[in-house]
Amino acid sequence: MDILRFITAGNIDDGKSTLIGRLLYDIGQIKSDIIQSVSKSDKTLNSINLAHITDGLRSEREQGITIDIAYKYFTTQNRKYIITDAPGHFQYTKNLVTGASEVDAMIILIDANIGITEQTRRHSLVASFLNIPNVLVAINKMDNVAYNEEIFISIKNQFLVLAKKLKLQNISFFPISALLGDNVNLVSSRMTWYNGITLMQCLETINAKIPNSHITRFSVQCIIETKDSEKGFAGKLISGNLKIGDSIEINPERKSAIIKNIIIGNTYRNDAIAGDDICIYFENGVEAKRGDLIIKNEIPLFFSNKIEATLCWLNDEKQLQIGEEYLLRINSFEIKCRITSIRHKIDIQSFEKNTETNLSAINDFLGVIIETAEVIAFDSFSTLPETGCGIIIDLKTNYTSAAFIIEK
Amino acid sequence: MLNIKAVGNYLDTLESESIYIFREIYGQFKKPVLLFSGGKDSTLLIYLAQKALFPANSPFPLLHIDTGHNFKEALDFRDELVKKFGFELIVRKVEDTIKEKNLIDPTGKFPSRNILQSITLLDTINEFGFDACIGGGRRDEEKARAKERIFSIRDKNGAWQPYNQRPELWKLYNGKINTGENVRVFPISNWSEMDVWNYILREKIELPSLYFAHDRKCINFNGKLIAVSNFINLDKNDTIEEKKVRYRTVGDMTCTAAIESEAESIEQVIDEIASSNMSERGETRIDDQFSDAAMEDRKLQGYF
């Protein structure tokens, strides 16, 4: 049994929270006291309000909208699922980006009555920005359009055009009614024209992300010392593999070392594979520090103080300031930086790079140049996502103000 | 209802996520502390901290905010654990806060000091200058918790700001704070009750005896079994019954209900939870049920 993480995205009122409520309800994993509580807090409806299962804050229930992401869990014989229910409003896109950064799949909901909206385009852009490996397009409220096949096909074709521009991968389409349950967990008898699998069947079969096994990268999180032992360097083996005796390089200092010991959990081991949480020791007392990137040179790192990146601005209280000092973080590595220029802004309608603009706003996707105080070590996002992405932190408020992926 | 037993590697994934978070805590903060209640979730935290920082002993002192309404079994378990591993234990009593600040000690049938705990906690954070408080909160427990970040920033008043949480992307947990603020870190955010039990089974983690079926004198209050103790006030209508019960959660004796149970082993507990039609807190906490936003309100005042 593995874990699959997915997020639901869609415009306001497209039925995201209702879909999650439906999935949980049909799988039979909403306990009776929770069902009772969501019935109680909505006195205007006789039926239970599926959306209230995930709308956990008072204002959300009062306004009937999702403001921040909520996490929900269910389990089948196959998998444990971690669901992120994301807000639909434009102003809460920063929360969508938060919730989508680690997922294996994004479900994009589209209201069959309305079709593709600007928010659909924005959510698709987020999926593209984060390189989400599976995109499930759920065309919802089919019950409101008399289960009309042509409407489904027309929206599907329009989506495929934008998906091509954004280079989205593994896209599948589902005609559903989250409210009534059609093609969510059970095959709909009202859409006999649809021969595909249900949304749930799709979730059961798609692949969860697996780490890259052939490019070795290890980011030091902390140093573990005891009275009797020398310094151990602890962190996650992000990708690749390590064994005792391997020659490695500690970056950005470009120091060489040889691995003497490896600990995983509370056991001494001879080797480690991608994903292991390890603590390693070096021969001859060589030392590393938090933030160091330890590699084997299957594919070399980039070394530069100038990064070309695509950035999503997430701070709604402060605009991006060209030339202002920020803190940049990649894995556990931190350094002062400045964003020195905006090369372009991605146009939400055409997805083209618009070079005319110098203005940036919350939730914009921008091509930027970031200059760091010193030369740093990194990968491009396309080589290895884990070492090719990062965040920008405001130095005064410490707010996580932007997320970026490295082009080169 | 599916009966879910531990198979495959999902527990490894959860364990790995938690270890990663513990190492971030150790790497990022100067003065972290682990909030310990003697319950299964904070016991799991200690186990995971030990694994994350092996071969060193977990360096995090344990903080117990003591309401004075504890189960004796939980206190005994706490003291044994502290002795066994040589942890530093800090206890701060809600009763002292009540005296110092001239607060009103709650009265009534179930005089819960649950809300007052937040004041003692915030005072203790200031007293020691803790920058991170590690808690065993899980997102599947309660709908407000379901919305909280893993690194959850609390402002100068100790309050959670649910409508202005920091973006938290990838594994880049941002624990940077200004003086006076603190971070609540929840390493087992993504674990469900069932995951916790399956992991306890797999790793053979010891728990207080309260979690397993035993005989206890209880009263039945609106369908909830509350243990008879010096902390609650019985009245004429109460009938004391001896029941075979266990605790699904361990909180204060004034607000935690027992459930009738025959489950004496971890395996039996897992079977019991799998077939239960009630959620963990719904079945066992009388303090969440005061209003639709009880937990959110407590978090706004500095609660875990």
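Mentor: Let us begin with domains, whose bounds come from an automatic or database domain assignment. For chain A of this predicted model, that assignment gives domain 1 (2-205), domain 2 (217-295) and domain 3 (302-406).

Trainee: What makes up the contact between domain 1 and domain 3 of chain A?

Mentor: Two residues count as in contact if their C-beta atoms, placed from the backbone, lie within 7 Å, and the contact takes 12 residues from domain 1 of chain A and 12 residues from domain 3 of chain A. On the domain 1 side, helix H4 (93-100), H5 and H6 of chain A each supply at least two residues, and H5(A) gives the most, with 5 residues.

Trainee: How do you know that strand S5 (residues 134-140) of chain A is mostly covered?

Mentor: A residue is called buried if 20 or more other C-beta atoms lie within 10 Å of its own, and 7 of the 7 residues of S5(A) are buried. Asn134(A), Leu136(A), Ala138(A) and Asn140(A) point one way from the strand, whereas Val135(A), Val137(A) and Ile139(A) point the other way.

Trainee: Why are S5(A) and strand S4 (residues 105-111) of chain A said to pair?

Mentor: Pairing requires at least two bridges found by DSSP; S4(A) and S5(A) are joined by 7 bridges and run parallel, and therefore they pair. The chain crosses from S4(A) to S5(A) through helix H5 (residues 118-129) of chain A, in a right-handed β-α-β crossover.

Trainee: Which strand pairs with S5(A) over 5 bridges?

Mentor: That is strand S6 (residues 171-175) of chain A, again in the parallel sense, with Phe173(A) as the bridge partner of Val137(A). Here the chain crosses from S5(A) through helix H6 (residues 149-166) of chain A to S6(A), and this β-α-β crossover is right-handed.

Trainee: Which residues have the most contacts inside the largest nonpolar core?

Mentor: Among them are Ala138(A) and Ile139(A) from chain A, and Leu34(B) and Ile134(B) from chain B, in a core of 185 residues. Helix H1 (residues 10-28) of chain B contributes the largest share, 9 residues.

Trainee: What is the predictor's confidence in chain B?

Mentor: Chain B averages a pLDDT of 88, with 94% of the residues scoring at least 70, but over residues 1-8 of chain B the pLDDT is below 50. Where pLDDT is low, the predicted coordinates should not be read in detail. The model scores ipTM 0.91 and pTM 0.91.

How values were computed:
Residues numbered from 1 in each chain as written. Chains lettered and ligands numbered in written order. Predicted model: local features only at pLDDT ≥ 70, side-chain atom pairs only at ≥ 80, totals over all residues. pLDDT = per-residue confidence, 0-100. Core = buried A, V, L, I, M, F, W, Y, C linked by C-beta atoms within 7 Å. Buried ≥ 20, exposed ≤ 12 C-beta atoms within 10 Å, placed from the backbone. Helix = DSSP H or I, 4+ residues; strand = E, 2+ residues; numbered from the N terminus. Right-handed = clockwise from strand over helix to strand, strands pointing away.
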